[in-house]
Amino acid sequence: MARDKYQTLTEQMFYILLCLENECCGIDITKTVNELTNGRVIVGPGTLYNLLEAFQKDKMIVETKVEGRKRSYLITEQGKELLKKEYERLISLKSDYEKFQNGGLV
Amino acid sequence: MKTKKIFMLFRYTNFKDIEDRLNDYAKKGLFLQKITKYYWEFKVDEPKDLKYTVTYFSDSSMYDSNKTENQLTYIEYANEYGYEFVEQLDKMQIFVTDADNQIMLETDDREKFENIKACMGKSYIRNISIILIVFLLSLSSQISYVLNSPDTSTFISLSIMSLAILYYGNILVSYILWCKRSEKSLQNGGVLISSGSKLSRLFDKTIYALIIALVLLLPLSYSDLSEGVTYYLIFIQVIFLLLISTKFLNYIKTKNFKRNTVRFLYYFFTYTFMLLYLIGMTYTISKFI
């Protein structure tokens, strides 16, 4: 189930995991994603909560600190692996595109 | 403060339809403040352009009036982005924000779709399926009886049952089709299909109107007047039972019991009450026969 869900990551999934390379609390993630992408990718609060829950359940991230209702998270080795896999997938897309544009298939 | 109670005929799964209607009500100066089992209560004020959002939260339940820590965290995230929690009904949560708030509460359609499926499968769709099976079984058991001795009252009873099957069947089929169409759209890089339409609302209204008309007509179809009166009395008693069980559920929810305890007490009370009612009815009828 989890493998199917993470076969390809959505942009929101990708950036949330990327932000959690450093310990970060929930609400700060959306701000970081917003800055990182110059507002191109926006993570709504509902989506943020649901994705953090799903990532935690599937052991892609761990909860590191709870202060009141402020929870902080950090990516796990499993999460890093997933992120790297997605990065490599995107790189291969990029390389295929370049190959095609440069007449590599001819 | 002036309030207005409205009987809202809606489908729990049709989030877009509910959002649109609440936005329209706000434009007319009606702002949702409370949902009960029988009506939605609106505050009457100056008309405003607001944006309502319906989401589903798997952690909340109709057997628990207290919000869990997880739900409070969700609400806090939403507050940070200008969304105010308004009300909830079982797993459905309603938020409101200014109409010009550009940030959507849910921005990942795939995740939203998976969340809706998880929430619906847990309770709503399962309950609808059970109701549908019960109605289908009773309909099939009564059809042969009607064919052997057709009379107006039995025909009306079966019509009511058939309309109920049509109603619940339509909810189930519409939801399954929505899931299929959304899945296909998301797989092709598209967006989540909008749920609910004016046509489905018209369908629901028509079915409700027909059922109410037939329920009121049924006693008049009995050849014996006393049978008609008995039917009315039973009908009133059933409504009374439903009201009592809802009141009881609301009462035990205020007692801070655990969710499973509330669920157990609710079903125990309702079924015991119904059983006692049936025993009482059987006893009374046997006395007169």
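1. Helix 5 of chain A, residues 77-101, holds both Glu98(A) and Lys94(A), which lie four residues apart, or about one turn of the helix. The two residues form a salt bridge, with their closest N and O atoms 3.2 Å apart. The model discussed here is a predicted one. Over all chains, a search of the whole structure finds 16 salt bridges.

2. Next, the make-up of chain A. Chain A has five helices and three strands. From the N terminus on, these elements follow one another as α-α-β-α-α-β-β-α. The C-alpha trace of chain A spans about 60 × 30 × 20 Å along its principal axes.

3. The strands of chain A form an open sheet of three strands in the order 1-3-2, with antiparallel pairing. Strand 1 (24-25) and strand 2 (61-67) of chain A stand at the edges; each has a single partner strand, so one side of each is left without a neighbour in the sheet. Helix 4 of chain A, residues 45-57, packs on this sheet and touches strand 2 and strand 3 of chain A. The direction of helix 4 makes about 120 degrees with that of strand 2 of chain A.

4. The pairings in the chain A sheet can be taken one at a time. Strand 1 of chain A pairs with strand 3 (residues 70-75) of chain A in the antiparallel sense, over two bridges. Here Cys25(A) has Ser72(A), in strand 3 of chain A, as its bridge partner. Strand 2 and strand 3 of chain A are also paired in the antiparallel sense, over six bridges. In strand 3 of chain A, Tyr73(A) is the residue that Glu63(A) stands opposite.

5. Strand 2 and strand 3 of chain A form a hairpin, with two residues between them. Gly68(A) lies in the turn of this hairpin and has a positive phi of about 65 degrees.

6. Chain B comes to eight helices and six strands. Along the sequence, the pattern of chain B reads β-α-β-β-β-α-β-β-α-α-α-α-α-α. Taken along the principal axes, the C-alpha atoms of chain B fill a box of roughly 70 × 45 × 35 Å.

7. Chain B contains an open sheet of three strands, with the order 1-3-2 and antiparallel pairing. At its edges stand strand 1 (3-6) and strand 2 (30-35) of chain B, each with a single partner strand, so one side of each is left without a neighbour in the sheet. On average, and with direction ignored, neighbouring strands of this sheet are turned by 35 degrees against each other.

8. The pairings in this chain B sheet are as follows. Strand 1 of chain B and strand 3 (residues 40-44) of chain B pair in the antiparallel sense over four bridges. Within strand 3 of chain B, Trp40(B) is the residue that Ile6(B) stands opposite. Strand 2 and strand 3 of chain B pair in the antiparallel sense over five bridges, and Lys34(B) stands opposite Glu41(B) in strand 3 of chain B. Strand 2 and strand 3 of chain B form a hairpin, with four residues between them.

9. The last points concern the interface of the two chains. In this interface, 20 residues of chain B are in contact with 22 residues of chain A. Between them, chain B and chain A bury about 1900 Å², of which 56% is on carbon and sulfur atoms. Across the interface the rule finds zero salt bridges. For polar contact, the rule finds 12 residue pairs across the interface, counting pairs with both residues at pLDDT 80 or more.

10. Which helices of chain B each supply at least two residues of the side that touches chain A? They are helix 2 (69-80) and helix 3 (109-122) of chain B. Helix 2 of chain B gives the most to that side, with nine residues. By class, the side of chain B that touches chain A has nine nonpolar, four polar and seven charged residues. Although charged residues are present on that side, the count of salt bridges across the interface is zero.

Terms used. Residues are numbered from 1 along each chain as its sequence is written. Chains are lettered from A and ligands numbered from 1 in the order in which they are written. This is a predicted model: local features need pLDDT of at least 70, side-chain atom pairs count only at pLDDT 80 or more; totals for chains, interfaces and linings use all residues. Side-chain values use heavy atoms; hydrogens and water are left out. Contact means heavy atoms within 4.5 Å. Buried area is the accessible area (1.4 Å probe) that two parts lose on being put together, summed over both. A salt bridge is a side-chain nitrogen of Lys or Arg within 4 Å of a carboxyl oxygen of Asp or Glu. A polar contact is a pair of N or O atoms within 3.5 Å; within protein, one must be able to donate a hydrogen and the other to accept it, and residues adjacent in sequence count only if both atoms are side-chain atoms. Ala, Val, Leu, Ile, Met, Phe, Trp, Tyr, Cys and Pro count as nonpolar, Asp, Glu, Lys and Arg as charged, and the others, Gly among them, as polar. Two strands pair if DSSP finds at least two bridges between them. Axes are lines fitted to C-alpha atoms, for helices over the stretch in contact, and angles run from 0 to 180 degrees between N-to-C directions.
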